[in-house]
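Please consider the following model before reading the briefing. The points below are grouped by topic.

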Amino acid sequence: MSTQKRPNILWIMTDQQKAETLSCTWADREQFSYMYTGKQLTPNLDALADEGVLFMNAYSPSPTCAPARSCMKTGKYPAAHGVTGNWMPFREGQRFLPEILRENGYGTGMVGKLHFFPPECNYGFEEKHLSDAPYSVYADDDKHSEYIQWLRKEYFDAKGIDPVKIFDEDESSYDTDLKRFCMGSCFRNREEHETVWTTDLTVDFLRKWDPGKPFFYYTSYFGPHQPYGVPEPYDSFCSPENIRLPENFYSDLKRNAPVFEKTARGLYNHIRKSLTEADCKELIAAYLGQIHMIDEEIGRIIRCLKEENLYDDTVIIFTSDHGDHLGEHGLFFKSRMYDSCAKVPLIIKPQNSREGFRRDEVVNTIDLFRTVLEIAGIEEKISEKDEIESRSLVPLLSEGEKNWDNITFSISGSNREQLSCMIREGDWKLLRAGGGKEKAVYELYHLKEDPKEDKDLYQNPLYEDIRTELQNKLGQWFQTQYERMEG
């Protein structure tokens with residue numbers, strides 16, 4: 001740690017944001033899968049990347065909401081912390097990142113989506129304003145949501161309308177009206193939206209903060225997770241007529257791909273039966289409008305940091321829990337191992353402004369656990385029995401060639417006989433699905449030549465050596481995860 005005072009740390013999180021939706025990652029709009037016309041999609045995050053480090057190959061440790069978030073806050077993969085699906089409790093004895101920071105002199109707070117169960121625990125946050133989900137169809141998220149309480153009191157009680165009833169009806173329409181499930185009823189205006197509420201409480205925290213003590217604040221937006229529908233003026237940010245569907249939306253390139261058949265065929269068929277191409281363009285346009293709305297709100301936070309003279313002393317981390325296929329492979333949503341939802345955006349703006357740069361190394365957002373501890377100057381004693389698999393990204397926050405092991409893993413599922421996982425090493429990626437410890441199916445991709453993962457090379461004899469090498473490495477890692485999970 002330098003002689004500078006310990007930095008503040010602001011962690012900004014979105015939910016289900018596709019890595020490609022940072023416009024600073026495009027060479028031009030033609031390169032963007034959806035090639036919309038209009039304003040810059042993420043000008044504020046692009047400006048943040050200009051002063052920080054933009055990671056071009058960052059992965060989710062588990063492309064499902066709660067497992068991914070739990071990995072980042074514990075430094076462990078799901079088999080070790082116990083949260084292998086949504087609304088599942090942690091195994092006993094977990095050490096949470098905010099808790100460690102608080103014990104070491106940081107003020108801690110959060111607003112928005114935490115998605116930890118049970119929701120009543122503080123997990124190390126001194127100040128907690130929860131908004132996990134606005135519906136009640138899966139759990140009691142609405143009953144623990146400060147946002148829902150605020151929304152009712154400020155806007156809907158006087159109208160005799162229960163917003164949760166509307167959210168529940170939207171969220172329950174997956175089988176009968178998939179478009180409604182994806183879009184929602186779009187009944188809130190900008191001031192009523194949780195994106196604005198989340199920003200407002202973040203700004204309130206920053207304006208009242210005593211700069212004599214460092215803070216760790218977690219600003220976690222619910223969007224662009226469905227419902228994709230977005231209020232005015234963002235609903236017209238991108239016209240559906242200007243959306244180009246991704247090339248691999250049209251042809252069923254995955255018909256003979258065994259991982260796709262095992263993990264995605266049912267969803268693919270449901271989407272094909274339920275949505276037209278025009279519907280899909282409308283969904284994508286709404287999703288991009290929500291990305292732009294969130295970017296504007298992040299811009300408000302950054303302006304506040306500068307107005308309060310906190311910006312230079314604050315490390316800003318921006319990422320998402322996982323992506324969204326958003327039409328790639330004919331799919332929407334999450335939980336699969338293709339880059340369209342396993343890859344995530346990641347920007348880290350270090351303490352004090354500087355000229356930004358890109359990193360092409362393969363990293364994982366589970367690495368943020370150790371990264372934050374090192375940034376905060378905390379030497380947490382970690383032993384092998386702690387099952388921590390996080391690596392500090394601090395060496396990559398300065399320019400120049402680094403000695404970095406260019407490899408990472410991701411895993412998804414609560415049934416250990418049906419787990420999906422992947423290994424990314426260099427330009428190669430191997431996917432594995434089902435089959436317990438021994439019998440599984442695989443797909444192999446070379447991401448430099450085939451970034452959209454359309455050409456499975458697993459059966460190609462020309463790549464037998466790399467296939468065997470990756471399969472052995474993934475197999476060893478998977479066996480550890482398999483054994484850690486309860487049968």
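**Briefing on the predicted model**

Strand β12 (residues 428-433) and β13 pair in the antiparallel sense over 6 bridges, where two strands pair if DSSP finds at least two bridges between them. This is a predicted model, in which local features need pLDDT of at least 70 and side-chain atom pairs count only at pLDDT 80 or more, while totals for chains, interfaces and linings use all residues. Residues are numbered from 1 along each chain as its sequence is written, and side-chain values use heavy atoms, with hydrogens and water left out. Helices (H or I, at least four residues) and strands (E, at least two) are DSSP runs, numbered from the N terminus.

- Trp428 stands opposite His446 in β13.
- An open sheet is formed by 4 strands in the order β10-β11-β12-β13, with antiparallel pairing.
- Its edge strands are β10 (407-412) and β13 (441-446), each of which pairs on one side only.
- Neighbouring strands of this sheet are turned by 15° against each other on average, direction ignored; axes are lines fitted to C-alpha atoms, for helices over the stretch in contact, and angles run from 0 to 180 degrees between N-to-C directions.
- Helix α15 (residues 464-484) packs on the sheet and touches β10, β11 (420-425), β12 and β13, its direction making about 130° with that of β11; contact means heavy atoms within 4.5 Å.

- Strand β2 (residues 53-59) runs antiparallel to β8 and is joined to it by 2 bridges, with Ile348 as the bridge partner of Val53.
- The pairing of β6 with β8 is also antiparallel and extends over 4 bridges; here Ile316 stands opposite Lys349.

- Helix α2 (residues 65-74) is mostly covered, as 10 of its 10 residues are buried; among them are Cys65, Arg69, Met72 and Lys73.
- The cover over the buried residues of α2 includes β1 (8-15), α3 (78-81), α4 (97-103), β5 (215-224), β6 (314-320) and α14 (368-375).
- Gly75 follows α2 and has a positive phi, near 75°.

**The pair α5 and α6**

- Helix α5 (residues 146-156) packs against helix α6 (residues 163-171) at an angle of about 120°, with the axes 10 Å apart.
- That angle makes α5 oblique to α6; angles under 35 degrees count as roughly parallel, over 145 as roughly antiparallel, 65 to 115 as roughly perpendicular and the rest as oblique.
- Ile148, Leu151, Arg152 and Phe156 in α5 meet Pro163, Val164 and Phe167 in α6.
- By class, this contact has 6 nonpolar, no polar and 1 charged residues; Ala, Val, Leu, Ile, Met, Phe, Trp, Tyr, Cys and Pro count as nonpolar, Asp, Glu, Lys and Arg as charged, and the others, Gly among them, as polar.

**Two individual residues**

- Leu114 is located in the loop between β3 (107-112) and β4 (127-130) and is buried, with a relative accessible area of 2%.
- Beyond its neighbours within four places in sequence, Leu114 is in contact with Arg69, Tyr123, Phe125, Lys128, Leu130, Asp132 and Tyr218.
- Asn269 belongs to helix α11 (residues 265-274) and counts as partly exposed because its relative accessibility is 32%.

Key. Buried < 20%, exposed > 50% of the residue type's maximum accessible area, 1.4 Å probe, protein only.
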